[in-house]
Amino acid sequence: MPRPDPADARLDGLRRRLKGLAYGGDYNPEQWPAATWREDVSLMREAGVNLVTVGVWSWGQLEPRPGHYEFGWLDEVMDLLAEAGVGVDLATPTAAPPSWLAHEQPETLPVDGEGRRIAFGSRCQYCQSSPVFRYHAARITERLAERYAGHPALAMWHIGNEYGGFGCHCPASVAHFRRWLADRYSTVDALNEAWGTAFWGQRYDSFDHIGTPAPRSRLISGPNPGQLLDFQRFCDAAALECYIAERDIVRRHSPELPITTNFMGSFKHLDYWRWAAEEDVVSLDIYAGPLDPDGPALAAYNFDLMRSLRGGKPWLMLESATGNNLTDGRNYARPAGQLRVRSLQAVARGADSVMFFQWRASRAGAERYHSAMVPHGGTRTRTWREVTALGRDVARLGEVAGDANDQADVAIVWDWENWWAVEGPDHPSNDLRLSDRLMDHYRPLWDANIAVDFVGPRDELGGYRLLVVPNLYLVDDVGADNLTAYVRAGGHLLMSYFSGIVDEFDRVRPGGHPGAFRDLLGIDIDDFSPLPPGDSRSLHYAGYSGTATDWQDIIDLVGAEPLATYTDGELKGGSAATRHRLGNGTATYLGTSPDRETLRRLLLDIVGDAGVAPVLDTPQGVEAVRRGAYLFLLNHTADEATVDLGALPHQAVDLLGADTQPAVTDGLHLPPFGVAVLHDTPGVES
Ligand code: GAL
Ligand code: ZN
């Protein structure tokens, strides 16, 4: 019997309190006079808000001078919210240390790769290794936690904000890096071996001689890849230490409440597998541009990743944008009506909340032109009308809260250490962007309504029919053996080029490429042959003529059969894709980056071979997702759409339907940006 997860009880408590899904956003009352707080609270009630994230940026107001605390304003805000029945996701304010800390203890400021100390004046200006920063962060966290632990408004805790892990080069960070390395390798000889320091005579005689990786400069050549990779691991670890230190303080005061820190989705610098294991619930900030045609697919990709991080359990969307998100260079407005479908898409993919940055648009500061639930124009605006309507929809979906999406049949392998390594410098091609490559493999599956989970290479894979493995350049032996065993046992696998090349220290595996996967794939790669930017070659796959870009592997077949073939260029007649039967399964290999249509055909053919069916066939731009007993139909287009419900029960009830909840008969009509949430067991109360 698996041990009960204490996080489950904490989340049950949160759900009972919220009576359904969470609705709300970041609330920054410190930017407003007390009179506005009263209006805020009454507008929150009008909009159906039941949860707000408070205090993220408030350290400077809570502790305006060292050791001098001003909690009065926050007491008042918390009391007002409690009276209004709005729960608080209270943040430790440590993502923005106050100006006095920078002034009195400048060693807490981070130093970039060029050796420049970053000046105060924005946010996140601290060194994650600084013992002085950590001391002060622990102090304010302790004071906040002890003061508000029992407050009736307090619903959950939010540690810091969007931890980064970009790396600092100050003396404290260098010392910390050395300690981390000594811990990892025990002896400097082991480090020399792992980093291959025989190259360029980089051998170290002591951990004390090691620094953070030198920035690229015209004066020198490339850095040591092992050092780079370990520095990224270290930055991730240092950030996680900061999170854990604050979490543990908060936990002592509030053992019964859930704790989270907000993730940034497909964010490179933190290994969210490790982070998610330290949280009660995964939470996400998502900003997919309102006009980006890829927006819904990109959002789905991020949502599926978040859901996967804690094994499919519901997660929280803590931040999204009611309109523009200030990152487009131009603040594109959201088309009328789009807010609802984009928000409920998160719920379809496992979110137990719809929340925004932020409640009320700021008057001043860097984000004063960022959209909000209450825009500068207040309640006269279209945004406000859509926000209040959305609040009613979110309330109608209350019964969905806590329900998990079933495990998908298809999984995509996602590994941060690989991400760090594969985008390292001095590679056969320096243009490979792993997140784009993952998205290229995800998009056709999303388009076809094929449900997808993400997994790590060492995870239990038995439940999946198809495993998609884009560019798994770095893999350790355990991961490689796991993928091979999965295929032997009957799994279908699709792997893309530049996989299995190096071990966990970024050292090339001996014996030729693709080192870790030669037996799995039944091929030898004679050489890598990247294509010049913009160049392409023709290929043939199953009666379709497509193109290859970016990369070509020169493949020798050693047991595999050709599946796609180049029809021109130096490699004419050679394999662009291969298939190998191993044990009871099949491993397909793609030695290039094909055009979208070729990749779509190849992927969907394998999906079919693996016996995986879509949730539903829908018109282009209409997304179908199953979450437990609920079928979500989401029209992302500005046109009407009709969905053929086919074999689905004809008595399904639309949770979002008018108050009378009319029964849905055959074809379902969705207006522009329309959403339906069908429950196929009407009459059964959940
Ligand atoms: C997030 C951050 C928020 C706000 C928002 C704007 O990254 O957590 O505080 O800055 O972006 O989109
Ligand atoms: Zn530092």
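Predicted model: local features only at pLDDT ≥ 70, side-chain atom pairs only at ≥ 80, totals over all residues.
**Stop 1: the largest pocket**

Select P223, P225, L228, G424 and P425. Of the 44 lining residues of the largest pocket, these lie nearest its centre. A pocket here is an open set of points on a 1 Å grid over the protein atoms alone, with protein on both sides within 12 Å along at least five of seven lines; lining residues have an atom within 4 Å of a point. The volume of the largest pocket is about 990 Å³. Volume means the space filled by probe spheres set on the points, with grid points joined across faces, edges and corners.

Now show α8 (188-195), α9 (225-253) and α14 (416-422), the elements that give two or more residues to this lining. Helices are DSSP runs of H or I with at least four residues, strands are E runs of at least two, and both are numbered from the N terminus. α9 supplies the largest share, six residues.

Colour the lining by class: 24 residues are nonpolar, 13 polar and seven charged. Ala, Val, Leu, Ile, Met, Phe, Trp, Tyr, Cys and Pro count as nonpolar, Asp, Glu, Lys and Arg as charged, and the others, Gly among them, as polar.

Where does the largest pocket lie? Domain 2 (50-281) and domain 3 (410-609) both give residues to its lining, so the pocket lies between them. The domain bounds come from an automatic or database assignment.

**Stop 2: two helix pairs**

Axes are lines fitted to C-alpha atoms over the stretch in contact, and angles run from 0 to 180 degrees between N-to-C directions. α6 passes α9 in a right-handed crossing, where the near helix is turned clockwise from the far one by less than a right angle.

Next, select α2 (34-47) and α4 (72-83). Their axes are 10 Å apart, at an angle of about 25°. That makes α2 roughly parallel to α4. This crossing is right-handed too.

**Stop 3: the largest cavity**

Select I286, S320, A321, R334 and R342. They lie nearest the centre of the largest cavity, which has 14 lining residues. A cavity is a set of points where a 1.4 Å probe fits but cannot get out. There are five cavities of 30 Å³ or more, and the largest holds about 130 Å³.

α11 (295-309) and α12 (338-348) each supply at least two lining residues. α12 gives the most, four. By class, nine are nonpolar, three polar and two charged.

**Stop 4: backbone sites**

Most residues other than glycine have a negative phi, and most peptide bonds are trans.

- F357 and Q358 are joined by a cis peptide bond, omega about 0°. Q358 sits in the loop between β9 (353-356) and α13 (382-396).
- H513 to P514 is cis, with omega near -5°. P514 is in the loop between β13 (492-496) and α17 (518-521).
- C124 has a positive phi, near 60°. Find C124 in the loop between α5 (99-104) and α6.

Conventions
Residues numbered from 1 in each chain as written. Chains lettered and ligands numbered in written order. Heavy atoms only, no water. Parallel < 35°, antiparallel > 145°, perpendicular 65-115°, else oblique.
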